[in-house]
Amino acid sequence: MSKVKNLQDLKKMRDDLKGKITLREKSDHPDSLVQIKVSMATCGIASGARDTMNYMVDELESQAVDAVVTQTGCMGYCYAEPTIEVTLPGEKPVVFGQVDTKKASEIIEKYIKNGELVDGIIPDSYETIDKK
Amino acid sequence: MNLVKLTIDNKPVVVEKGTTLLEAAKSIGVNIPSLCYMKMDDMNFENKPGGCRVCVVEVEGRRNLAPACKTECMEGMEVHTHSVRVINARRTVVELILSDHPPECLTCAKSGECELQDLAQNLGIREIHYTGEQSTYKGDQSPAIIREMDKCIMCRRCETACNEVQTVGVLSAVNRGFESVVAPAFEMDLDHSVCTYCGQCVAVCPTGALTERDYTWKVIEALVDPAKTVVVQTAPAVRAALGEAFGMEAGNLVTGKMVAALRKLGFDYVFDTDFAADLTIMEEGTELLDRLNRHLNGDQDVKLPILTSCCPGWVKFFEHHFPEMKDVPSTAKSPQQMFGSIAKSYFAKKLDKKREDLVVVSVMPCLAKKYECTREEFSVNGDADVNVSISTRELAQLIRNANIDFTSLTDENFDNPLGESTGASVIFGTTGGVIEAAVRTAYEVHTGKTLEKVDFEELRGMEGSRKATVDFDGLKLNIGIAHGLGNARKLLEDVKSGKSEFHAIEIMACPGGCIGGGGQPYHHGDVDILKKRQRAIYEEDAGKPIRKSHENPFIQELYAEFLGKPLSDLSHELLHTHYFDRKKKAEVK
Amino acid sequence: MAKVKIPENKVQELRDLCKNFDNEPGELINVLHGAQGMFGYLPAEVQEIVADEMNVSVAHVYGVVTFYSFFSMLPKGKHPISICMGTACYVRGAEKVLDEFKRHLEVKVGETTPDGKYSLSCLRCVGACGLAPVVTIGERVYGRVSPEDVRGILEEY
Amino acid sequence: MAKYKNHILVCGGTGCRASESEAIASNLNASLSENNLQDDVQVVRTGCFGFCEKGPVVKMVPDNTFYVHVAPDDAEDIVLEHVIKGRKVERLLYVDPETKEHVSDSRHMDFYKKQLRIALRNCGFINPENIDEYIARDGYSALGTIMEEMTPEAAINVVKDSGLRGRGGGGFPSGLKWELTRKSEADQKYVVCNADEGDPGAFMDRSILEGDPHSVLEAMAICGYCIGADRGLIYIRAEYPLAIKRLKIAIEQARDYGLLGNDIFGTGFNFDVEIRYGAGAFVCGEETALIHSMEGLRGEPTVKPPFPAQSGYKEKPTNVNNVETFANIPAIFLKGADWFKKIGTEKSPGTKVFALAGKVNNVGLIEVPMGTTLREVIFDIGGGIKGGKKFKAVQTGGPSGGCLTEDHLDLAIDYDGLLASGSMMGSGGMIVMDEDDCMVSVAKFYLDFTVEESCGKCTPCRVGNKRLHEMLDKITLGQGEEGDLTRLRNLANVIKDTALCGLGQTSPNPVLSTMDNFPEEYQSHVKESKCPAGQCRALMQYVINSKLCVGCTLCSRVCPVDAISGEKKLPHVIDSSVCIKCGACIEKCKFGAISIQ
């Protein structure tokens, strides 16, 4: 194991390690972050939800977007899997259907970063998992 | 010098920085009562755990009361030693101590000498408001010391004496809280421990928790037995302290009165251990010269330094702690035992009596002597050379029992032949004395010249460990002196590691030598008493017509009639001994 | 006090333990912890060897051993039972649980059953106050123990 | 490297481990592997979450779901339901005792709402056995910054400015202590961490060491740099095996990273830490006793002065602080003295950790800003009194503290406020009592503890406390006499005034505070031989109501001492001089005819 030789070393190390616990730190104040829920029931996974989720996690991190990505159960839109729910701080949740990695990239670019709406929104007559 | 100003009971006082409130108060005539505290500067004895809380005083601005013995004077302090708060606290604390103390004052060995009793009296304790369970411990009777720990007040003085001053390490506080007490390992009896019976714990114990084993009744029984001839010997240090037991000023020599009292008590012969001390010098001095000469002539088998062996506490100490060096000390018996041997052989023969018909009683400043006379090697067919050894305190008790008005007695002289002694033997009673006596004789024997100046000031004093070089007509003799076993241990470590440059070392177990023995009237921490006793000893020496042991006419007669010469076969049989390795583990019962 | 004979190899192990602490008297308590770990308790013989190695008096070692409640001169039972007597456990009825153990085992606190199976002791706060009253048997911790549970707990052993 | 999308934090504090939290963690891992989720979800064993009442506790990250009373068998449900299906396992959710509703997010629980975690900032958040997680939380950067950018004097000034006071009980200003030790000249100095938490019912320090050992190590190194010491010693209770294990791991890791040892941060500063074990003596929490214990002696305190700052371990200047005090230090340096000073009250800045226990709904470890009221702690955080009983008293400060009453509920907690009301901060034990608790018995309980733990060195503590205990015992047995209460008070005051060490001086507090706050309860014991709380067995009377008794003889047959007599079909009578109050009769009576008076 390498020794910490000076404060610079330590700071670099801290920055490298930060990722290990950012998830936990974010969970302390999720309301101020972008919250993304990926429907990960059997149907979702079958339609590639895992890829979508991994993509979102990596992409958001590399673009330094403060977001929390969690999986959730079946949202009831099996015809539109993979589905994701995005909640911008202070906004109502919006659900997108048929989100593959390409679609995910678009959502990040347009909706999450700039607040522009993107095709594929499922109308808000749905029920979120929490309301069930 | 750094001075601080403060007031005690509204009186201003200026003291050196570092002075305690207790000392500062004393300097202006305010005697704050204390109990656990005891400090004897020259003896390396300092016991102030601050535990009894009797000496508490009020210091303005301080939340709680302060122990005067442990609190240093600070600039501007305002101290009250007898406010209502202080008196109430002090009385309550003493009541608490009494509530865990058996109410046996009337029959307690320490009654009249007990510091707790005095304290209760001075504070006017008439009722104990807080009563409850009292701690009980099993009693412990060794040949020399009795422990009744029910009476222990946890002042820890004995622990300090045993560990810090004597480095014997028998005692430690054990358990905790209400169950805590000072005891040997595994709470075994002293008998099973490495105790040297030096009795310094007894000398400092404020209560009756530690006392000597009392043999006065055995003496009384012997005195009334018509079949027995009772012979008494008195050690040199006894005469320098016995008067204190009768209210006389410390340092008063009471040799003549003591002899008169012993005779009144009914002893058939009143002899002197001093005679045996002269005999010790003849044997030990000759042994020293013999070893020295052989050593100087290159005999590798001969070990130097030679160590004195007249102190039984010291003997038991090295048997336990330095058994690998047991051939270093002189083989000469102690004066008490030499006396016993001679009394029961030479003197018995003179009386035409069997040794069993004689009872030899010794009066000693010492508690270890009680143990010494019970050692198996000091008896013949079960008959001990010295039958009973009592302390100075016990002698005082016997004298009081016999209704003798000690202070008004007319001086009397010892009986002969075993009562004659020289100045050299008298100084056995103080640290440095044995070696000075030995030097007086050895010088003349070695050089063949007469020693004109017999006072060797360089060997005298009170420092715990001293050294001096004596010129034997060109031969420089390096002499070491230690009193107190802690000091002895240091010299011994040097000898063990080969660093010692001494030819001869005198060791006494008790601080001050025998004058500070565990059997002497209680000094209650006053070192001046020891110094006064020491002065008295040298006074007696100076006043003696003969001051060299080998000039004692009765010693000369003893050799001529009986022993032949020092280190003769008979001398070896009667006057020399051997030592044991006692390093085996303390025995667990 | 029963005389215990310590096997020679154990004696050497004990002496080595002291040497690992440089025979430094200041390390006495650490050494005693180690020794108690080795023997399960601290019989007189062990204390004598420790004193000898650490160059302190046996009385001193004994004084230290008897000061600290963690050290014991008696062998513990095969299943040492400790009842937490911390305040949290006390106010939630630990004393009654203790009484129940005493009644079942017919021993006092600090004693071992004649068959050597159980020993009973009290301790101060294991820090599981949320589980009060707490009883530990060996490594096992029992929480929210009621006097009625005692028989069942003992039957597990 | 696995990229975890979920973390499952499993409490690994002693309390939760006692209820098998280890098995929960391993079952979780097994279940995750079964479902091939081992790379998506990380199970982290953390330190104490504080909510011990509900232990074992499991927290899901990032959605912050807080599961309580989790059993090892629940692990599978958590994985299958929560992780895979995204559904909360409702039966494991916390139920708000007032609204009876499920609360999933710990931030919305009353228990956590009023807390502010500084000393406990990492407890229940990081894996205490992984230094990387501590470093990720800015660990050791306070040390690095101080060493590269500050003089020891300047650093001491930060501690002084923060107003931090010793959390071990006395509340001595820590910065001042550091300064005194710095000013004592010597070739060797020591930093000592007092982790000999002996208060019955207190487990703050243990939880910090179990949950965040590095913060203590970092603070000790900072202290070493400030006072000029290169050696640190942690004196810890041997009864804390988990804390010891985690400390050892932490020390090893810090050494590996060069954060302990020689030439730390390349500045030439050396500092290393070793562990010393306590052996079960409460008095060793007193710093002079602690030092003697570390020296291999009986843990007896000595009179101060000299203070350890002047002459401590091996007679060298020694700075002794307790665990919680140290745990605050890195945070103070990271966020600044001003930030710290703004928290809490003017004279007692910062927060205090309490071990809340006793008859309160939410037992646990809490940290609140100084100045929080007792009411907030007991009723908001603590969730009120168990079983809907009536609050009677709260004991703070352990055996050195006192019992406060309803009148004190709005007292803002800080050092001076507690002291003024007859109790003290102590190390942070807080025991809540209800109407069933007898205050005389409570005082006796504490005295029982003091008597057992007294070192025996000074008379007032050795004998005085024993006598106090005996008098209290007498009173609870109904044998109290006229004058006992006066004597009790005088003795308590004298002990307070004359005992040698802090422990002895504070030992009568439980007696004095209960006498002050519940005088009538003492009076009823002594004058009427009655225990209002109905706790003192000897003062109870079993009585048969002759109107209800039908003379079925069941009670007289079950009585083990034949204290009950009466003809068949006629009301029976209990001879109270024979009755041993075993309660067997009450249990047997089918008619509710027997009652306790």
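In strand 21 of chain B, B:I481 is the bridge partner of B:R466. Strand 21 (residues 475-483) pairs with strand 20 of chain B in the antiparallel sense, over eight bridges. This is a predicted model: local features need pLDDT of at least 70, side-chain atom pairs count only at pLDDT 80 or more, and totals for chains, interfaces and linings use all residues. Residues are numbered from 1 along each chain as its sequence is written, and chains are lettered from A and ligands numbered from 1 in the order in which they are written.

**The sheet in chain B**
- Four strands of chain B form an open sheet in the order 15-22-21-20, with mixed pairing. Strands pair if DSSP finds at least two bridges between them.
- Strand 15 (306-307) and strand 20 (465-472) of chain B are the edge strands, and each pairs on one side only.
- Strands (E, at least two residues) and helices (H or I, at least four) are DSSP runs, numbered from the N terminus.

**Contacts between chains**
- Among the four pairs of chains that touch, chains C and D have the most contacts. A contact means C-beta atoms, placed from the backbone, within 7 Å.
- Chain D gives 37 residues and chain C gives 32 residues.
- On the side of chain D that touches chain C, the elements giving two or more residues are helix 1 (14-18), strand 10 (269-277), strand 12 (351-358) and strand 16 (429-434) of chain D.
- Chains A and B do not touch; their nearest C-alpha atoms are 46 Å apart.
- Chains A and C do not touch either, with nearest C-alpha atoms 25 Å apart.

Methods. Contact = placed C-beta atoms within 7 Å.
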